[in-house]
Amino acid sequence: MKVVQQNSFSEKEKETLWQLRNDEYPIQFGHETLHEFQTYFSTISEMENYLLIDSKNEIQGWAYTFFRDNEIWFAIMLNYQFQGKGYGRVLLEALKNNNEDLNGWVIDHEKDFKRNKENYKSPLEFYVSNGFSVLNDIRLENEKISAVKINWKNNKN
């Protein structure tokens, strides 16, 4: 497995990313069509993409950073077959190596479902074990999401 930083994608790669997001995030975050997915992502400011590529040159994970409200935010998606094997940490380290500060919204419950009807497992414990702080007093609550803000700062400087 290797991480590749890439910001332009073939149609096949776009379709793979769309499918990965639809499969691994709660169903309410899905995009019905590839066009809807592309339209959504075209609105994201200063996006930097990181792909986890397997030995067959196929995308198995995707992370990206973006700029929102004067902060760097991130998201990570990993094919369920590769979760729990250290690959999420590999993607996260690539983000950390290229950023001094990362922010994210993390679903901190297990009430949501994925497209395949399985429960969406909260990744909060994963982020805490990888040096993120949980900002319990900052939450995002709406009809799509109930999440807590997390933050990582590079303390090596």
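Contact is defined here as heavy atoms within 4.5 Å. The structure is a predicted model, in which local features need pLDDT of at least 70, side-chain atom pairs count only at pLDDT 80 or more, and totals for chains, interfaces and linings use all residues. Residues are numbered from 1 along each chain as its sequence is written, and side-chain values use heavy atoms, with hydrogens and water left out.

The protein chain contains four helices and seven strands, where helices (H or I, at least four residues) and strands (E, at least two) are DSSP runs numbered from the N terminus. Along the sequence these elements are arranged as β-α-α-β-β-β-α-β-α-β-β. The radius of gyration of the chain is 15 Å, close to the 15 Å that the globule rule gives for 157 residues, so the chain is as compact as a globular protein of that length; the radius is taken over C-alpha atoms, and the rule is 2.2 Å times the number of residues to the power 0.38. Along the principal axes, the C-alpha atoms fill a box of roughly 40 × 35 × 30 Å.

Of the 157 residues, 44% count as buried, a term that means under 20% relative accessible area, with exposed meaning over 50% and partly exposed the range in between (1.4 Å probe, protein chains only). Among contacts with a separation of 6 or more, 55% are accounted for by residues 24 or more positions apart. The chain exposes about 9,100 Å², of which carbon and sulfur atoms supply 47%; these areas come from the Shrake-Rupley method with a 1.4 Å probe.

Leaving aside neighbours within four places in sequence, F41 is in contact with R21, M47, W62 and Y64.

L124 belongs to helix α4 (residues 124–129) and is buried, with a relative accessible area of 19%. Beyond residues up to four places away in sequence, L124 touches V106, D108, V134, V148 and I150; the C-alpha atoms of L124 and V134, ten residues apart in sequence, are 8.4 Å apart in space. N103, in strand β5 (residues 101–107), counts as buried at 1% relative accessibility. With residues up to four places away in sequence again not counted, N103 touches E71, I72, W73, F74, K149, I150 and N151.

Backbone geometry was considered at two loop positions. Most residues other than glycine have a negative phi. E46, in the loop between α2 and β2, has a positive phi of about 55° although it is not a glycine, and counts as exposed at 56% relative accessibility. N70, in the loop between β3 and β4, has a positive phi near 60° and counts as exposed at 70% relative accessibility.
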